[in-house]
Amino acid sequence: MQQTLAQKIIARAAGLKYVTPGEVVTANVDLAMIHDSGGPRRVAPILRDLGVGLWNKDKVFLVSDHFVPGDTEEASAILALTRDWARETGVRFLDGQGICHVVLPESGQLQPGMFAVGGDSHSPTGGAMGAFMFGIGATEMAGVLATGEIWVKVPETILIEWTGRLCDGLMAKDIMLALCGKLGMDGGKYQAVEYTGDAIKSLSMQERMTLANMTAELGGQTGLIAPDGVTTDFLRSVGGDIPNISGLYSDTQAPVLEHYLFDATSLAPQVAAPHSPANAMPASDAENTSIDVAYVGACTGAKYEDLKAAARILKGRRVSDGVELLVAPSSKRDQDRAAEDGIMAIFEAAGAKVLPNACGICAGYGTQRLAADVTCISSTARNFKGRMGDVTSQVWLGSPLTVAAAAVVGHIIDPREMLL
Amino acid sequence: MSGRIFLFGDDIDTDQLAPGQYMRGGIEALAAHCLEATRPAFSVDVQPGDIIVAGRNFGTGSSREQAVEALLYLQVAGVVALSFAGIFYRNAVNLGLPVLIAPSIDGAKDGDKASLQLTSSVLNLSDKNNDIALEPMPKNLQEIIESGGLVQYLKKRLAV
């Protein structure tokens with residue numbers, strides 16, 4: 001029987017030979033990721049109430065990122081609770097190392113073919129590794145932590161194929177914003193979205209992560225990219241086990257719900273207007289929009305390769321007068337790498353302010369938020385009204401290249417005009 | 001129980017339901033800001049038993065359960081929408097908030113008196129001719145909601 005990658009992974013996790021879309025099965029979870037917001041402070045009371053412990057502490061990854069750096073009394077109390085719980089339970093804990101969706105793959109523990117859950121909507125990021133990973137709320141997470149199981153309605157697969165190759169100056173973020181514009185924020189129909197085609201295959205692992213991450217903005221349950229040499233090379237680079245990836249692909253005749261075909265070669269840099277990622281348009285169509293803040297941040301916009309891309313524009317240039325450029329590298333590891341390569345020095349020379357390795361302004365949980373009437377261009381995933389600051393703030397989304405270019409000229413611009 | 005309809009558009013997101021700025025505090029403080037970005041006085045105006053009627057993709061965005069919890073705290077009777085975002089839907093069931101899919105919401109007017117029937121899957125409107133038949137929720141999910149959420153449901157089952 002011809003099956004999609006999603007079906008193959010679920011069938012294996014459910015102990016079945018094959019599964020059919022629409023069927024509800026109970027599957028064993030290979031890995032569960034939680035963070036300081038939806039994690040211990042929410043799940044521990046439920047587990048206590050039920051009088052149960054963890055099914056397997058070695059399969060639970062806890063990350064502190066939403067309330068880092070703990071800049072209020074409440075936030076630091078949440079971090080303290082998180083650390084106490086980590087000590088009590090002995091789960092794997094990455095404290096202050098960066099954003100969960102980035103530090104988990106960096107740990108090398110998330111492997112292709114895994115069936116994994118995360119207590120965060122951007123958990124489909126794991127699909128870049130070829131893992132079926134999806135976001136759940138704290139109550140369901142408590143159930144997973146107690147039993148190691150979760151029910152899932154086997155999704156249909158929506159195949160999104162990008163042929164050709166991205167031009168210089170284009171990134172995975174441009175592909176994703178274009179997709180949000182074309183398909184809408186519910187285009188993924190809470191099904192499995194699988195990205196394929198030459199343009200996808202030629203993306204690096206961190207670029208694939210950007211794409212899979214924003215499956216959340218497409219409304220998909222998970223976003224998958226079939227593992228290949230890029231995947232195994234990445235795992236080697238982070239010291240993870242090198243998996244056997246044979247069979248981890250969608251069979252060519254497996255039925256899919258929809259099959260979209262797009263040409264990457266003709267794609268222009270995209271921005272999304274306030275207040276939805278679905279408000280996508282070519283950056284050149286928004287060129288008169290002046291900006292006050294440029295933000296390079298979040299799991300989907302400040303990884304090593306995002307920083308490197310922004311630095312290409314910033315090198316030898318200064319941020320425009322009246323514009324504030326903020327950079328919050330996604331992880332400590334990525335920031336250290338960027339520092340070694342002189343990338344962080346370029347940011348600093350351009351006048352950028354460096355913020356902690358955390359969710360920062362993207363989540364909007366801390367004290368640093370956008371002020372009233374501020375217009376911001378951001379390399380993050382969501383520009384919902386009021387998310388990053390005051391309800392009157394206006395957030396545009398763009399790739400790190402587009403954000404850096406806007407920071408230098410003070411308004412939105414097609415970054416290709418500024419590539420050296 | 002009957003109440004009034006609060007009508008919303010498409011893509012009502014979790015940052016509107018549970019603004020990040022208030023996520024570090026308790027549910028009371030958070031609920032006071034529920035939906036204020038779209039409807040500033042919502043948390044003050046809404047009364048127990050009132051019903052949210054919305055367009056497509058209600059609850060899009062984050063996995064934060066507080067998006068559901070805030071509505072429960074304000075004693076909203078349920079949400080009727082053209083469609084729901086996947087994680088929000090699961091969270092609503094798990095916390096015991098009725099969430100029902102309507103094929104159309106054309107007959108529903110903001111402020112109109114209405115009552116939501118979970119078991120018979122109907123949104124009764126003041127003008128009976130406009131009653132909206134809803135997609136029935138699967139029986140097992142209805143049971144979880146009627147128990148007050150997954151934890152209560154499991155406790156009940158484990159006690160038997």
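The contact between the two chains takes 31 residues from chain B and 37 residues from chain A. Before going further, please keep in mind that this is a predicted model.

Staying with the side of chain B that touches chain A, three helices each supply at least two of its residues: α1 (14-17), α5 (86-95) and α7 (150-159). Which of them gives the most? That is α5(B), with six residues. By type, this side of chain B has nine nonpolar, 14 polar and eight charged residues.

Next, the sheet in chain B. Seven strands form an open sheet in the order β4-β3-β2-β1-β5-β6-β7, and the pairing is mixed. The edges are β4 (99-101) and β7 (132-133); each has a single partner strand, so one side of each is left without a neighbour in the sheet.

On one hand, β5(B) runs antiparallel to β1(B), residues 2-7, and three bridges join the two. In that pairing B:Gly3 stands opposite B:Ala114. On the other hand, β5(B) pairs with β6(B), residues 122-125, again in the antiparallel sense, over four bridges. Here B:Ala114 stands opposite B:Leu125. The hairpin of β5(B) and β6(B) has four residues between the strands, and B:Ser121 in this hairpin takes a positive phi near 55°. From β6(B) we move on to β7(B): these two run antiparallel and are joined by two bridges, with B:Leu123 opposite B:Ile132.

One more item in chain B is B:Leu35, in the loop between α2 (27-31) and α3 (42-45). Its phi is positive, near 65°, in a residue other than glycine. Is B:Leu35 buried or exposed? With 23 C-beta neighbours inside 10 Å, B:Leu35 counts as buried.

Now chain A, beginning with a helix pair. Two packed helices are described by the angle between their axes and the distance between the axes. For α6(A), residues 172-183, and α8(A), residues 205-213, the angle is about 15° and the axes are 8 Å apart. That angle makes α6(A) roughly parallel to α8(A), and their crossing is right-handed. From α6(A), the residues A:Ala172, A:Lys173, A:Ile175 and A:Met176 meet A:Glu207, A:Thr210 and A:Leu211 of α8(A). The residues of this contact divide into four nonpolar, one polar and two charged.

A:Lys303 sits in the loop between β14 (293-296) and α11 (304-314) of chain A. Having 33 C-beta neighbours inside 10 Å, A:Lys303 counts as buried. Leaving aside neighbours within four places in sequence, its contacts are A:Val102, A:Gln206, A:Met209, A:Ser330 and A:Asp334. A:Lys332 is 29 residues away from A:Lys303 in sequence, and 9.8 Å away in space, C-alpha to C-alpha.

Last, some backbone details in chain A. The peptide bond from A:Val68 to A:Pro69 is cis, with omega near 10°; A:Pro69 lies in the loop between β3 (60-64) and α3 (73-89). Another cis peptide bond joins A:Pro274 and A:His275, with omega about 0°. A:His275 is in the loop between β12 (270-272) and β13 (280-282). Finally, A:Asp373 has a positive phi near 65° and lies between α14 (360-363) and β17 (375-378), in a loop. A:Asp373 counts as exposed, with 11 C-beta neighbours inside 10 Å.

Technical notes. Residues are numbered from 1 along each chain as its sequence is written. Chains are lettered from A and ligands numbered from 1 in the order in which they are written. This is a predicted model: local features need pLDDT of at least 70, side-chain atom pairs count only at pLDDT 80 or more; totals for chains, interfaces and linings use all residues. Two strands pair if DSSP finds at least two bridges between them. Two residues are in contact if their C-beta atoms, placed from the backbone, lie within 7 Å. Ala, Val, Leu, Ile, Met, Phe, Trp, Tyr, Cys and Pro count as nonpolar, Asp, Glu, Lys and Arg as charged, and the others, Gly among them, as polar. Axes are lines fitted to C-alpha atoms, for helices over the stretch in contact, and angles run from 0 to 180 degrees between N-to-C directions. Angles under 35 degrees count as roughly parallel, over 145 as roughly antiparallel, 65 to 115 as roughly perpendicular and the rest as oblique. A crossing is left-handed if the near helix is turned anticlockwise from the far one by less than a right angle, and right-handed if clockwise. A residue is buried if 20 or more other C-beta atoms lie within 10 Å of its own, exposed if 12 or fewer, and partly exposed in between; C-beta atoms are placed from the backbone.
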